[in-house]
There are 2 protein chains.
Amino acid sequence: MLLDGARIARTIREEVAPRVAAFDTAHGRPPTLHIVLVGDDPASQIYVRNKERAGAEAGLTVAVHRLASSVTVEDVLATVKSLNDDPACDGILVQAPLPKGIGKHGTELVFDAIDPRKDVDGFHPHNVGLLVQGRAVLKPCTPSGVVELLDRTGHAIAGKHAVVIGRSEIVGKPMALLLLQRDATVTICHSKTPDLVATCARADILVAAIGRPGFVTREFVKAGAVVIDVGINRVDSREQAVQLFGANHPRLAGFDQRGSMIVGDVHPAVAEVAGAMTPVPGGVGPLTIAMLLKNTIEAAVDR
Amino acid sequence: MLLDGARIARTIREEVAPRVAAFDTAHGRPPTLHIVLVGDDPASQIYVRNKERAGAEAGLTVAVHRLASSVTVEDVLATVKSLNDDPACDGILVQAPLPKGIGKHGTELVFDAIDPRKDVDGFHPHNVGLLVQGRAVLKPCTPSGVVELLDRTGHAIAGKHAVVIGRSEIVGKPMALLLLQRDATVTICHSKTPDLVATCARADILVAAIGRPGFVTREFVKAGAVVIDVGINRVDSREQAVQLFGANHPRLAGFDQRGSMIVGDVHPAVAEVAGAMTPVPGGVGPLTIAMLLKNTIEAAVDR
């Protein structure tokens with residue numbers, strides 16, 4: 001059973017739309033999301049364009065602030081601060097990654113500078129702390145999208161054993177915390193986990209957030225488990241595509257057309273053992289954007 | 001093998017002492033910890049007295065602000081705010097629990113009002129978020145004490161499977177996050193975990209933080225596991241004491257003298273299977289206070 005994230009994302013966007021309209025009526029302007037895009041990373045350009053389009057469709061105003069890759073940390077901070085101070089700005093998103101020149105410390109300074117009430121990505125330490133304490137308004141979009149997906153497809157979380165592979169700040173850790181809050185017993189695995197296959201094979205709910213194409217193979221998955229694939233990996237090698245899908249799979253036609261394809265962290269053959277799983281594309285990805293729109297209206301209303 | 005928390009706590013206090021002296025020399029005053037004690041909960045009186053004494057022994061100034069149990073949230077907030085504004089105050093600790101009249105929301109307002117740079121308990125959402133992100137200066141005392149204990153007794157954390165029973169904000173969650181940060185694979189269990197015994201029996205490091213005397217029995221523990229007992233439970237029934245320790249245990253003499261005894265969450269018989277375990281009392285408890293002193297000098301230096 002494939003979990004249709006795209007369909008659920010549409011539902012969430014339909015729920016957001018009347019709230020956006022009501023805000024517009026009450027305040028004489030739509031809720032406004034400001035995206036700060038630094039440099040010219042091609043993937044970031046696509047992500048930002050998708051966010052712009054989805055926001056516009058939901059009735060939000062989306063403003064993109066493009067800064068050259070050569071800017072200093074101070075330049076980015078100045079942009080963030082002006083948005084913090086702008087009463088007509090409801091949500092601020094700084095598209096990651098920032099250019100190499102900004103550095104790890106500079107990146108922290110930039111994300112820490114965002115007003116937590118406008119932090120629609122939910123990455124600010126204050127919001128992360130509130131998430132731990134079960135009282136966050138703005139939660140990271142991908143993991144909160146996964147919870148929506150499970151809820152809206154009737155997959156119980158409470159009392160289940162959830163295993164999360166990956167411990168990033170953006171997915172793994174908040175995912176584990178959200179599942180814990182919903183009364184799952186949660187195990188967090190990572191590159192230093194010695195018995196990864198055996199540990200994953202005990203999961204009722206398995207979340208893969210590692211960034212390695214097809215890494216989670218059949219033996220990772222207990223029969224009937226719910227498998228959530230957070231990976232979005234570009235495969236450029238036809239050989240690898242054939243290894244993943246077999247030589248006769250319809251998706252190879254797409255590969256041959258474009259010279260690459262997007263695959264998840266979960267091997268396609270897992271579909272034969274999983275009770276339910278998310279496809280890539282069309283699973284978690286669309287939910288991430290839907291939750292961003294939801295966070296924007298939450299931020300606008302909550303301020 | 002009993003893990004002598006009291007001895008390690010002494011070592012940490014000996015390491016804190018010269019830093020306190022150096023601060024005193026540099027600033028013309030010792031680092032200062034302010035404790036806000038609201039109401040007359042007898043256990044809180046004892047805890048605060050112990051913190052006062054330990055602070056004084058380490059060369060800190062400890063000031064206790066006693067407020068009647070009838071005070072309003074605004075009164076407590078006013079005290080916290082005056083301490084935030086006091087340049088000679090380095091650390092602020094509001095002793096939990098606050099009186100019933102303050103309520104859950106009032107308690108949140110009070111803890112959220114503490115300047116994160118003075119938050120020596122590490123409970124402020126901002127510090128909790130930094131903990132998740134692996135960059136906290138002020139970490140909750142009990143779980144960071146447990147990490148010190150493991151490190152200083154030569155028990156590796158990286159690559160181990162750690163199971164934490166309990167998901168409180170004060171112990172369970174930060175404990176799991178700290179162990180994860182140190183490259184353990186971490187499972188968090190709680191009252192809704194269906195197969196608690198089997199899950200715990202897979203742990204290399206088992207941390208019990210539930211608050212139920214002797215709850216963790218032999219079958220929870222893999223042979224050779226390191227067992228950390230965070231429980232501090234008062235047992236008033238002689239029958240229960242005999243059930244835990246057997247009729248001829250030397251600790252029953254103490255019970256008969258005082259009419260009660262302090263026991264952990266781990267059953268004494270676990271000593272027969274564990275590779276190492278912390279006693280109660282004398283295990284994690286003294287470390288919690290030592291880490292509070294350490295946090296106070298960190299806060300004083302870091303501001």
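Predicted model: local features only at pLDDT ≥ 70, side-chain atom pairs only at ≥ 80, totals over all residues.
Local features here need pLDDT of at least 70 and side-chain atom pairs count only at pLDDT 80 or more, while totals for chains, interfaces and linings use all residues. Residues are numbered from 1 along each chain as its sequence is written, and chains are lettered from A in the order in which they are written.

Let's start with the pair. The same surface serves both, as 100% of the contact residues of chain A recur in chain B.

Each of chain A and chain B gives 24 residues to the contact (C-beta atoms, placed from the backbone, within 7 Å). On the side of chain A that touches chain B, α5(A) provides the largest share, seven residues. Helices (H or I, at least four residues) and strands (E, at least two) are DSSP runs, numbered from the N terminus.

Now for the strands, which pair if DSSP finds at least two bridges between them:

| Strand pair | Sense | Bridges | One bridge partner pair |
|---|---|---|---|
| β5(A) and β5(B) | antiparallel | three bridges | A:Val186 and B:Ile188 |
| β1(A) and β2(A) | parallel | seven bridges | A:Leu37 and A:Arg66 |

Within chain A, an open sheet of three strands runs in the order β2-β1-β3. Its edge strands are β2 (61-67) and β3 (91-94), each pairing on one side only.

Key:
Contact = placed C-beta atoms within 7 Å.
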